[in-house]
Amino acid sequence: MSDELALSESERNAGIVRCDACPVLCRIRPGRAGACDRYANEDGRLVRVDPLVLLAKPGLARVAFVEGSESWAGELGKGEGAFVTGIGATTTYPDYKPAPFIVSSKPDGVDMVTVVTEGIFSYCGVKVKIDTDRYLGPEQAAVRVKGEAVGHVTTAEYGSQMLSLGGVHHLVGGSKKEGVVTCDALLALCNKEAVELEIDGGSTVVVQADRPPVVNGAREERMRVGCGSAAIGMFAPQWKDHVDEVIVVDDHITGVLSEHQGGRFLEMKPAGIRVRGRKSTPGRYFQVAQPGLGWGGTDVSDPLEIIEKIDPKQAWPGLKLLMVSTTGEHSAWFELDKDLKPQPAAMPAPVRKVVERIAENCEPALCTVLFMAGAGGSLRAGVTENPVRLTRSVRDTLTKVTLGGVPAYVWPGGGITLMVDVAKMPEKSFGYVPTPALVAPIEFTLRAADYAALGGYASRAVTLEDVLRGSKVRLE
Amino acid sequence: MIAARFLDGRLHLQHGPIDLIIEAFGVREEVEAAYQQAIDRFGDILPTLVRELPTLRRPVRDAYPLLQGPVARRMAEAVWPHRAVFITPMAAVAGAVADEMLQAMLAGRTLDKAYVNDGGDIAIHLAPGHSLRAGIFAEALDGAVTLPHDLPVRGIATSGRGGRSFSLGIADSATVLARTAAAADAAATLIANAVDIDHPAIERRPARELDPDSDLGDLPVTVAVGELPRAAVNEALDRGLAEAQRLRRIGLIDSAAISLRGEWRLEHDRSLEIGPGVARRLHGGGQSRR
């Protein structure tokens, strides 16, 4: 380093780094970016805000290229077993020149080529699955961020609500602000950040990939095992010898064991305990209470509230009653006294065990975010001179498509329409361009011979070793 | 350094902190030749500029700054009229780059119109009979301006808290129309600085604590603005408006539009349209609410 570039001792002590990526030579304080917003000081190290990321094979460290830092330590040997991701690879748009990295490798003696680039996706969005039975809003309702429509509620799945966000209509079909807000929201979701979504005529939900949803300020801990009726079906045989009646409290369908098909099948005696709400089919009741944060997603804190009456013609003193919620988080054991009033009692161990089993069978509630996009248009031209052959090669599964190293699901039919779980992708995999559109890493891996056959830029292929040698990198 | 074309044909040039979007209108060959001239000129802009950075970062006082580079000289020219207050040539850097690049692409070319947009600071070329319509984007598409050939405005600049530069004030945006982009840039910086008030909800820190290279030295720059009462918003805006009026009276700017928390102040004769109705008109339809 020349004197002009050297930092003073006090500057070094303050953690300032000198960026030499361009002639401005910014001095950057810790936690801040240079004048360009592309390079930053991260804990005293100069990093590209969007470094090229190398994924090692499982177990090995991830490596990021950083211009201007210490040269690569070489701890991955000659780069064997590493996989170059498109993260930070950069691209041109439209792709008027070959992809930035075309890397040849020889795993298990087979010559392979990985074409590494970053795609600019105007047609893209996310499909969000939110594990909750809480009411988020009506199907087709607009989903908003900062008042702008960024997507809509789509058909619910078992135990989960589904949102479809982004897409070309919201990105570029509406107002400029709608496009910018949509792009920001997609970028944040894809980079595993939390985004607050408001649903027309429904709830506010904070969504973050691989994290529990927060609905109207309440964090969802676990999915219920099923509705109250399903819970009866699942656990009836395990209860049979220990109880006279079980009521599974649930906001959707509350189940009553002795009236339920599951109880009848086991020849249980009617217990004469009637719950509130609207009877659907035997042993299945809707609307036993209001939705809320109490038992089974209802507003009930004392489960006896949902009992309408106890029929003296059917019930008997000493009747053993279990009340439990569909997550097993709430449970209570009662025995009827001589006046047929339920009295709290100690829950027998075998019953306790089944209650715990309900909880054990409830999976943690999560939000999952799948990035979905079409790798059409010119992106393919960075891979091959004859783009349709790439499409066919992907269709024929000769070419494997990954995003940031994560295998993508490629839809059948025309084009390369793909989906990938952003939670599995490396940190900060996504970027954006002001068009607005998202920038995502994408890698096509295929046999070298197949690559040549589909009109690929085979002569531009370099070895992984060359990539590592030609770029200043650091180990993460 | 990046030189790339967007799908719609616009040219994108980027080097370090300079990020330009360029578009030319006219006969195809002329447009392409103009783009090539822009690309050829661009490589030298940043290296030449940084050679004089120490001078460009110093406040301009009584002595006219002695500078050699063409962009640096444009910067000095643009800030010189403002030397009574604290200003450094850096206040005009983006606009000056835009002006210089526009001139480079126009040399020997015949174009109907063209613009160089340097992160919101825009240099404009208009042939007789042509006009350009530009939007102002603060929270949404909040305003619009039509620039006909006979209006002596060839520069638009916006300053405020949204950008990459530090501001001494609290304006969300201060947009200025002026003869050149550099002149607009310098004036927008000062007007945005003037939109200010003392209030506990405003957090400030010395610029050097954030960026050791900042031309603003130890001056307190705004890092966060919390909730402000309406009266404070109005008072801050009025101070900015007073500065805009002063600059217009002495002929340094054509017009200005200032925004803070959705409130606007306009200083102009006829050029600007601001308000919710504008966005609707630009998107084709709807009546003005004015």
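Is the crossing of helix 3 of chain B and helix 4 of chain B left-handed or right-handed? I opened my notebook with that one, keeping in mind that this is a predicted model.

**Entry 1: the helix pair in chain B**

I found that the crossing of helix 3 and helix 4 of chain B is right-handed. I then looked up the geometry: the axes of helix 3 (residues 70–79) and helix 4 (residues 93–106) of chain B come within 9 Å and cross at roughly 125°. An angle from 65 to 115 degrees would count as roughly perpendicular and one over 145 as roughly antiparallel, so I wrote the two helices of chain B down as oblique to each other.

Next I listed who meets whom. From helix 3 of chain B come P70(B), V71(B), R74(B), M75(B) and A78(B), and they meet V93(B), G95(B), A96(B), V97(B), D99(B) and E100(B) of helix 4 of chain B. Sorted by class, this contact has seven nonpolar, one polar and three charged residues.

**Entry 2: the sheet in chain A**

I moved on to chain A and traced an open sheet of eleven strands, in the order 17-16-15-14-11-12-13-10-27-31-30, with antiparallel pairing. Its edge strands are strand 17 (218–219) and strand 30 (409–410) of chain A, each pairing on one side only.

I zoomed in on one pair: strand 15 (residues 204–207) and strand 16 (residues 214–215) of chain A run antiparallel and are joined by two bridges. Here I saw V205(A) standing opposite V215(A) in strand 16 of chain A.

**Entry 3: a helix across the strands**

Last, I checked helix 3 (residues 176–190) of chain A. This helix lies across several strands of chain A, including strand 10 (124–130), strand 14 (195–199) and strand 27 (367–374). Helix 3 of chain A runs at about 50° to strand 12 (148–157) of chain A.

Terms used
Residues numbered from 1 in each chain as written. Chains lettered and ligands numbered in written order. Predicted model: local features only at pLDDT ≥ 70, side-chain atom pairs only at ≥ 80, totals over all residues. Axes fitted to C-alpha atoms, helices over the stretch in contact; angles between N-to-C directions. Helix = DSSP H or I, 4+ residues; strand = E, 2+ residues; numbered from the N terminus. Parallel < 35°, antiparallel > 145°, perpendicular 65-115°, else oblique. Left-handed = near helix turned anticlockwise from the far one by under 90°. Contact = placed C-beta atoms within 7 Å. Nonpolar A, V, L, I, M, F, W, Y, C, P; charged D, E, K, R; others polar. Pairing = 2+ DSSP bridges.
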